Amino acid sequence: MTDFASIADKVRRRERLTDDDGLFLFHYHDLIAIGELAAQVNAAKNGRRVFFNVNRHINHTNICVNRCRFCAFSREASEAGAYTYDLEEIASRAREAAAQGATEIHMVGGLHPDLPFEFYLEMLRTVRAVSPALHIKAFTAVEIDYLASIAGLSIAATLQTLKEAGLGSLPGGGAEIFNPQVRGELCPEKISGERWLAIMAEVHRAGLKSNATMLYGHLESYADRIDHMRRLRELQDQTGGFQVFIPLAFQPENTLLKLTKIGNTGGVDDLKTLAIARLYLDNFDHIKAYWVMVGVKIAQVALAFGVNDLDGTVVEEKIGHDAGADSPQSMTREEIAALIRKAGREPVERDTLYNALRTY
Ligand code: V47
Ligand code: SF4
């Protein structure tokens with residue numbers, strides 16, 4: 001029988017937690033004790049430093065053939081509100097970002113039925129032409145799979161071509177939850193969890209870093225969350241290519257899942273999930289509280305629960321806000337730094353690859 005004291009001993013001995021340990025923690029009532037343990041693990045890895053970056057999101061299109069049931073962002077091409085940016089609209093956003101001192105463009109979008117592969121290459125070249133210093137973190141594993149099919153290329157050749165056009169690394173979206181039953185309910189058209197993992201393995205083999213996410217707070221069980229994190233931990237053992245784990249709190253407004261009356265995740269679940277991720281994912285350097293989804297206040301409190309990254313300035317966010325997220329659209333670097341400082345931590349501006357750029 002597992003109990004909290006034996007899990008705490010294991011953590012202090014730096015032994016890896018089992019799935020049963022992780023599951024026990026999800027059912028354990030003492031949030032503060034779990035958070036304190038996660039904070040110790042984080043302090044040993046990262047000290048008092050908390051990372052954030054100055055970035056800008058660009059969602060080039062919301063037209064998507066997948067229409068996942070949790071997604072309020074996507075549209076049919078003929079639907080009101082459907083859009084696709086042209087290259088000038090992308091360039092002007094990148095110029096704005098560069099002028100504001102951004103170091104990263106985060107670019108993801110829907111799976112558009114008609115855009116040719118060349119358009120995606122032009123998007124990358126356009127951003128690179130605005131400023132070669134802007135790191136382009138773009139395309140989820142789901143988009144990479146789709147682009148490879150449009151291009152008629154292997155995943156490896158697709159990645160190589162994108163890299164030559166300016167791709168710097170990949171964000172962690174599209175992972176959702178790997179359990180095939182739950183995934184089938186959430187997003188039947190989307191690539192499987194196995195395929196997502198196989199593409200990330202190729203991404204890492206191509207020398208590109210990526211992030212990893214988990215969408216939680218919908219139809220999944222705690223066991224599904226642990227299963228999801230176990231698969232990420234296993235791949236990370238093999239490749240070491242994941243930089244950070246980002247649990248994404250489900251936002252239910254305007255989604256088909258709302259019809260089943262799923263509410264928002266609560267603060268307790270958000271903090272527990274982040275803390276357990278810190279404890280279970282011993283081979284991940286960073287755990288990110290994405291303030292857009294959990295809200296600014298929970299993201300700040302999460303710094304006492306094992307979190308060492310708050311994402312970035314973002315500027316224009318659609319995926320969470322179309323689904324009712326009540327966080328702001330954007331935060332300035334000074335606001336993020338103040339948030340971290342008021343939590344008693346040291347704010348460090350990083351680049352996409354976690355090199356420290358500036359301490360506040
Ligand atoms: O894959 C979609 C999620 C993801 C909803 O890598 C939703 O640094 C909550 O992955 N409620 C895209 N989540 C966003 C993403 C991301 C964001 C910020 C940083 C990084 C990074 C990655 O958003 C999708 C999906 O899992 N999502 N709809 C929703 N209603
Ligand atoms: Fe399309 Fe991504 Fe939304 Fe799914 S989550 S419908 S793949 S934009």
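Predicted model: local features only at pLDDT ≥ 70, side-chain atom pairs only at ≥ 80, totals over all residues.
I kept local features only at pLDDT of at least 70 and side-chain atom pairs only at pLDDT 80 or more, while totals for chains, interfaces and linings use all residues. Residues are numbered from 1 along each chain as written, chains are lettered from A and ligands numbered from 1 in written order, and side-chain values use heavy atoms, without hydrogens and water.

Ligand 1. I looked up its neighbours (a heavy atom within 4 Å). I found 23 residues around ligand 1, with Phe70, Lys137, Gly172, Gly174 and Glu176 the closest. Then I checked N and O atom pairs (within 3.5 Å). A backbone N or O atom of Phe70 is 2.8 Å from a ligand 1 nitrogen. For Lys137, a polar side-chain atom lies 2.8 Å from a ligand 1 oxygen. A polar backbone atom of Gly174 lies 2.7 Å from an oxygen of ligand 1.

Ligand 2. I listed the residues around ligand 2; among them are Cys64, Arg67, Cys68, Phe70, Cys71 and Lys190.

Trp196. I looked up its contacts (heavy atoms within 4.5 Å). Leaving out residues up to four places away in sequence, Trp196 touches Gly172 and Gly174, among others.

Definitions and conventions
Polar contact = N/O pair within 3.5 Å; in protein donor to acceptor, adjacent residues only side chain to side chain.
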